[in-house]
Amino acid sequence: MAGERVNVEVGDRTLSVSNLAKVLYPETGFTKGDVIEYYVRVAPVLLDHVGDRGVTFRRFPDGVEGQSFFEKRCPSHRPDWVEAVEGPGDRGGTIGYCQLSEVASLAWAANLAALELHAPMARSHDIETPTMAVFDLDPGPGTAMPECAEVGLWIRDVLDGIGLTAFAKTSGSKGLQVYVPLNTPATHEAASAFALAVAQVLEKANPDRIVTTQAKAARPGKVLIDWSQNSRHKTTIAPYSLRARPTPTVSTPVTWDEVAEAAGGVPLGFDAPAVLDRLDDLGDLFAAVLTLEQVLPGT
């Protein structure tokens with residue numbers, strides 16, 4: 001029956017969920033129940049990456065083919081065990097974001113059809129200090145993952161040349177992201193300036209392949225290196241988050257060998273079942289992003 005609610009045990013919590021059979025990904029028949037199950041199963045690694053950050057939801061109450069909305073402010077109808085914490089906010093001030101710090105809170109968010117989880121660069125207890133810097137590679141018209149992968153390799157090589165280790169993940173949509181773990185004193189302004197400087201060096205060397213401006217007119221045939229995701233007020237799709245694509249794709253950590261293969265045309269993209277299999281086989285390829293200590297040049 002539509003709207004039927006059931007109580008389920010998730011971790012140490014009893015959670016009321018509804019419409020488990022509702023199809024949220026019509027192309028594959030992936031249901032809300034499947035979404036909840038995915039987030040419960042991926043929780044052991046996903047919580048490492050989002051459990052201490054204020055998270056923005058992108059909700060799809062009627063599935064990926066319906067309307068969606070971003071929800072920054074943690075809803076007042078949340079359970080009392082879902083904490084609202086300081087997050088990126090906006091230029092008008094602080095906003096209380098949901099902190100998904102246990103498996104039940106992930107299941108609760110999934111029950112809201114919060115398919116996508118977007119996280120800031122900083123932890124909630126110190127929102128002024130990013131723990132990483134990111135290069136978000138977005139393919140313009142006429143480009144796709146192979147071009148993003150090639151640019152990602154160029155970024156990796158530049159970073160390697162200055163002694164910084166980087167990690168890659170798919171966006172789960174069309175692009176690729178390159179992360180530089182910091183975990184040392186840093187500022188959002190310094191991270192943004194550094195990412196812009198690297199992007200501009202590569203843009204100057206490859207003006208027909210790379211663009212650093214958001215202007216749509218400049219983007220056909222080029223990959224945008226979006227350095228602005230390092231802003232204090234922005235969030236980026238979290239590792240292991242689902243995406244609202246026709247199929248339940250996931251923002252997936254990948255190896256540099258896989259990125260190199262993608263630059264040569266090998267498909268690079270994974271859905272929820274494949275990601276769970278990868279975790280069994282490879283573990284969390286993004287684990288070092290949480291602990292590796294690196295210092296931005298000039299800081």
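**View 1. Strand 9 is mostly covered: six of its six residues are buried.** The model shown in every view is predicted. Strand 9 has neighbours in two other strands. Four bridges tie it to strand 5 (residues 54-59), and these two strands run antiparallel. Phe57 faces Leu117 of strand 9 across this pairing. Strand 9 also runs antiparallel to strand 15, with two bridges between them. Here Ala119 has Thr236 of strand 15 as its bridge partner.

**View 2. The largest pocket has a volume of about 470 Å³.** Its lining counts 24 residues, and those closest to the pocket centre are Asp136, Asp138, Ser173, Gln177 and Arg243. Strand 10 supplies the largest share, four residues. Sorted by class, the lining of the largest pocket holds nine charged, nine polar and six nonpolar residues.

**View 3. The second largest pocket contains about 180 Å³ of space.** The lining of the second largest pocket has seven nonpolar, seven polar and two charged residues.

**View 4. Strand 11 (residues 167-170) is covered on both faces.** Phe167 and Lys169 are buried on one side. Ala168 and Thr170 are buried on the other. Strand 11 runs antiparallel to strand 12 (residues 176-181), and four bridges join the two. In this pairing, Phe167 stands opposite Tyr179 of strand 12. Five residues lie between the strands of this hairpin, where Gly172 takes a positive phi near 85°. Strand 11 also pairs with strand 16 (residues 253-254), again in the antiparallel sense, over two bridges. Lys169 has Pro253 of strand 16 as its bridge partner.

**View 5. The largest nonpolar core has 80 residues.** Those with the most contacts inside this core are Tyr38, Tyr39, Phe57, Trp108, Phe135 and Leu137. Helix 1 (residues 32-50) gives the core its largest share, 10 residues. Now pick out Phe135. Beyond its neighbours within four places in sequence, Phe135 is in contact with residues including Ile155, Leu159, Leu176, Val178, Val180 and Phe194. Gln177 and Asp226 are also among the contacts of Phe135. A second, separate core has seven residues, among them Met132, Phe167, Tyr179 and Val289.

**View 6. The model has three cavities of 30 Å³ or more.** The largest cavity holds about 110 Å³ of space. Of the 14 residues in its lining, His49, Arg53, Met132, Tyr179 and Pro239 are the closest to its centre. By class, this lining has 11 nonpolar, two polar and one charged residues.

**View 7. The second largest cavity has a volume of about 40 Å³.** Its lining consists of Tyr240, Thr252, Pro253, Val275, Arg278, Leu279, Leu282, Gly283 and Leu285. Helix 6 (residues 272-282) contributes the largest share, four residues. Six of the lining residues of this cavity are nonpolar, two are polar and one is charged.

**View 8. Asn19 and Asn183 each have a positive phi without being a glycine.** Phi of Asn19 is near 55°. Asn19 sits in the loop between strand 2 (13-18) and strand 3 (23-25). With a relative accessible area of 26%, Asn19 is partly exposed. Phi of Asn183 is about 55°. Asn183 lies in the loop between strand 12 and helix 4 (188-205). Is Asn183 buried or exposed? Asn183 counts as buried, because its relative accessibility is 18% and buried means under 20%.

Note on methods. Residues are numbered from 1 along each chain as its sequence is written. This is a predicted model: local features need pLDDT of at least 70, side-chain atom pairs count only at pLDDT 80 or more; totals for chains, interfaces and linings use all residues. Side-chain values use heavy atoms; hydrogens and water are left out. On a 1 Å grid over the protein atoms alone, a cavity is a set of points where a 1.4 Å probe fits but cannot get out, and a pocket is an open set with protein on both sides within 12 Å along at least five of seven lines; lining residues have an atom within 4 Å of a point. Grid points are joined across faces, edges and corners, and a volume is the space filled by probe spheres set on the points. Ala, Val, Leu, Ile, Met, Phe, Trp, Tyr, Cys and Pro count as nonpolar, Asp, Glu, Lys and Arg as charged, and the others, Gly among them, as polar. Buried means under 20% relative accessible area, exposed over 50%, partly exposed in between (1.4 Å probe, protein chains only). Two strands pair if DSSP finds at least two bridges between them. A nonpolar core is a set of buried Ala, Val, Leu, Ile, Met, Phe, Trp, Tyr and Cys residues joined through side-chain atoms within 4.5 Å. Contact means heavy atoms within 4.5 Å.
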